[in-house]
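Hi,

Here is the structure I promised to pass on.

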Amino acid sequence: MISQFFVLSQRGDNIVFRDYRGEVPKGSAEIFFRKVKFWKGDDGEEAPPIFNVDGVNYLHVKVAGLLFVATTRVNVSPALVLELLQRIARVIKDYLGILNEDSLRKNFVLVYELLDEVIDFGYPQTTSTEVLKSFIFNEPIVVDAGRLPSLGPASLFMLSPLGFEIIQQGSKRMPGTAVTKSVVANEAGGRKREEVFVDIIEKISVTFSSSGYILTSEIDGTIQMKSYLTGNPEIRLALNEDLSIGRSGHSSYDYSSSAGAGMVVLDDCNFHESVRLDNFDLDRTLTLVPPDGEFPVMNYRMTQEFKPPFRVNSLIEEAGAFKAEVMLKVRADFSNTITANTVALHMPLPKYTTRVSFELEPGATGQTTDFKEGNKMLEWGLRKIVGGAEHTLRAKLTFSQDTNMNITKESGPVSMTFTIPMYSASRLQVRYLQIVKKSRTYNPYRWVRYVTHANSYVIRI
C-alpha cells in the first residue's frame, strides 16, 4: 500500500503527482529530491533506493533519467513497491512509445488515466498493458524520436520471413522510430506495422586481479520482447541447441558445438507467465502468445567463467620526489566487426594528488581525459573502440607530500563502463523466431538485437 506516487525530472521538477491516501505531507517531493541530491554517503555514493525521513518511507527507481517515487508510512514490502515502480514505467513507455520528460508533459492526461487504473487508493490493481487497453480511451501524442541516441551501426539484425536466416542491417534497415512506437497508436493512414522486437540484454560483472587474472565473473541477462502483432499469433523462439541449465562441469570455452557458438551454461533462469516450455527440454524452443507491450521473456544468470570483452592493464609507479606516472592500456578482445560505445575508465588517485597532466597516443580521436579535484578521480573516456583495437593513456601525477612508498595501496581500483551492441558475452543466441499464422501472405518484420553493458568491471592495481 502506497500513499503517493510522483515522477521527478533530473532538475527536481514535479512532472506527475498523485496522492492516493492523504497521509503524507504535500511537500514530500521536495523533501525527497533534496535528500537524494545532497545525500552524504561514503565515497560519494548515491542515495539508496529506500530511505526514511520523518517517519515517511521513500522508495524510488531511476528510469530513462527520471525518478519514479512512491511514499508510504506503513511497513510495505520494498521489493513489491520497487517492482511496481518499474512496471508503471514500463506501462507508460508502452503507451507513449518514448519515456522522457517531454513525452510525459505532452501526455499528462493519458498518464493520469493510466495511474488511476493501475493503483486504486494506494493498492496496485494491474500493470498489464493488454488488460489496460479495455479501460484507457485517450490516444497518445507522438513525440519526435529523432533526437534519441542510437546504439550505433549494425545494432540490429533482421530475421527473414521464415525466421531462420539472419540478414545484416545493411540489407534491411530498421526505421529510427520503430522501437519507440506506442503499442496502441497506428501508423499514418490508420494501418499498423506488423513487427516484433527481441532484445538480448546482458549486464556483466568482472573483477580482475593486479596480474590480470579473473577473480569473479557474472552475467545477468534478460530476453525482452516488444510485440506490435495483431491477432495475438503464437511465437516460437529458439535458443542455442546446446544450452544447458545448471552447473554441468563443462568448460565455458568449449567451442566444439556444431552450431559454432559453443556450449552455453546458465546457472538458473525464469520465464514469463505466457511462455510454454513444452519443447524446451527437447530443442530449446520457447512457445508463447505475446501480450501487448514490452515484457521479459526470460531472465537468466551465468557465473561460469566467460571471455571478458576488454582487457585492461594498469600501472602506477613513482617518478621522482612528489611525482608518479600512471599507464592505462585497454584492449578490445572481440571481433573487428563489432564496436563498443561510450567507454569510460575511472581510477581513484591518492588524496594528496594536486595536478595531473595527460598524454594520449599519437593520432588519438574521440577521447577525453579529466581529473576531478573534488574526489581525486582520473577519468578517461573513449567515444568508441573497434574490436581488436588497443589504446593507451599516460598520466603524470604531482603530489603535495611524499608517498612513503604507499602509492599503489592508495590508488585504484580501475573501474570501466561500456556498451557493446551486437555482442553477447554469454554467447546466448536466437536461432530463429517463427510466427505461427494460417495466412500465407502474413509476413511481419522480426528484429533481434544484442546489447552488453558493464554492471561492474573492476581491475585491481
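Let me start with how I call aromatic pairs: rings of Phe, Tyr and Trp (its six-membered ring) pair if their centres lie within 6.5 Å, and planes under 30 degrees apart count as stacked, over 60 as edge-to-face and the rest as tilted. On that basis Phe 6, Phe 17, Phe 32, Trp 39, Phe 51 and Tyr 58 form one aromatic cluster.

Some housekeeping. This is a predicted model, so local features need pLDDT of at least 70 and side-chain atom pairs count only at pLDDT 80 or more, while totals for chains, interfaces and linings use all residues. Residues are numbered from 1 along each chain as its sequence is written, and side-chain values use heavy atoms, with hydrogens and water left out.

Back to the rings: the whole structure has 17 aromatic pairs. Phe 32 and Phe 51 are stacked, because their ring centres are 5.9 Å apart and their planes at 5°. Phe 32 sits in helix α1 (residues 28-37) and Phe 51 in strand β3 (residues 50-53), so the pair ties together parts 19 residues apart in sequence; helices (H or I, at least four residues) and strands (E, at least two) are DSSP runs, numbered from the N terminus. Both are buried (under 20% relative accessible area, with exposed over 50% and partly exposed in between; 1.4 Å probe, protein chains only): Phe 32 is at 0% and Phe 51 at 7%.

Tyr 352 and Phe 399 make an edge-to-face pair, with centres 5.2 Å apart and planes at 85°. Tyr 352 is in the loop between β21 (339-348) and β22 (353-360), and Phe 399 is in strand β25 (residues 390-399), 47 residues away. Tyr 352 is buried at 8%, as is Phe 399 at 4%.

Next, the nonpolar cores (sets of buried Ala, Val, Leu, Ile, Met, Phe, Trp, Tyr and Cys residues joined through side-chain atoms within 4.5 Å). The largest has 70 residues, and Ile 223, Val 297, Phe 310 and Tyr 457 touch the most other members. Strand β10 (residues 195-208) gives the largest share, six residues. A second, separate core of 33 residues includes Val 61, Leu 96, Leu 99 and Leu 115.

Finally, there is an open sheet of four strands in the order β16-β17-β12-β27, with antiparallel pairing (two strands pair if DSSP finds at least two bridges between them). Its edge strands are β16 (275-276) and β27 (430-436). Arg 276 stands opposite Thr 287 in β17.

Cheers
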